[in-house]
Amino acid sequence: MLEKVISSWLIISTMTLFAPVIYAQELTKEELKAQRKAEKLDRKRAELEKFKEYKLWIDSAFFGVAADMILDRSLNRITLNPRSNFIQINGGKCIIQLNGFAAGGANGIGGRTIEGNITSYEVDQSKEHTPITVAVQMQSISLGLTSFMFTVNKDGSSRVTVSGWGGRSLTYNGRIYNPQEYRVNMGAKDF
């Protein structure tokens, strides 16, 4: 008699343990598609809101691009530390810092930091959800007239092409940031 009670109890326990799992699997097959679609829509909404925030930063000329990779004219790629390699626009000023050297540099942290005055600032976005391009001209003592072409995508990834150093150009790849929210390691400026 005791064996029948124990075996009945095991069968009932097993059924109650696995029954909700089987039922849940049947439900999720039908609801999973709707759930994924809702999650995708939520991600797109959040991405669009963030893109609008990027546009506000750019329109106010107060943003930066933290570079995690640099490409030269020969398309050689160098991985960088985004905390110490950046281009920052701050009102009428532009700061560019390249810190890819192993030993100490002119700026005290292993590279160069150059600040100049912005002489031209143009924002272009042909359609609402397309990448934003910003053309900037900077005048500094150490670099002279330097051109920057920023391209900011809706996910925050950015590309900046810097040209004007005797016909040479460099391309930074990185992410846009707000200087009030993102901390960079800035060295002494060359001006």
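In this predicted model, Val 160 is in contact with Val 65, Ile 87, Phe 148, Met 149, Phe 150, Leu 170, Thr 171 and Tyr 172, leaving aside its neighbours within four places in sequence. Val 160 also belongs to the largest nonpolar core. This core has 29 residues. Val 160 is among those with the most contacts inside it, together with Ile 87, Ile 89, Ile 96, Phe 148, Phe 150 and Tyr 172. A second core is separate and has five residues. Among them are Ala 66, Phe 86, Ile 95 and Val 184. In soluble globular proteins, nonpolar side chains tend to be buried together.

The second largest pocket was examined next. Its volume is about 150 Å³. Ala 66, a member of the second core, also lines this pocket. The rest of the lining consists of Lys 50, Tyr 54, Trp 57, Asp 68, Pro 82, Arg 175, Ile 176, Tyr 177, Asn 178, Glu 181 and Tyr 182. By class, seven lining residues are nonpolar, four are charged and one is polar.

Arg 112 was considered separately. This residue lies in strand E5, which covers residues 112–124. Arg 112 and Asn 85 are 27 residues apart in sequence. In space, their C-alpha atoms are 9.6 Å apart.

Methods:
Residues numbered from 1 in each chain as written. Predicted model: local features only at pLDDT ≥ 70, side-chain atom pairs only at ≥ 80, totals over all residues. Heavy atoms only, no water. Core = buried A, V, L, I, M, F, W, Y, C linked by side-chain atoms within 4.5 Å. Buried < 20%, exposed > 50% of the residue type's maximum accessible area, 1.4 Å probe, protein only. Contact = heavy atoms within 4.5 Å. 1 Å grid on protein atoms, 1.4 Å probe; cavity = no way out; pocket = protein on both sides within 12 Å on 5 of 7 lines; lining within 4 Å. Points joined across faces, edges and corners; volume = space filled by probe spheres on them. Nonpolar A, V, L, I, M, F, W, Y, C, P; charged D, E, K, R; others polar. Helix = DSSP H or I, 4+ residues; strand = E, 2+ residues; numbered from the N terminus.
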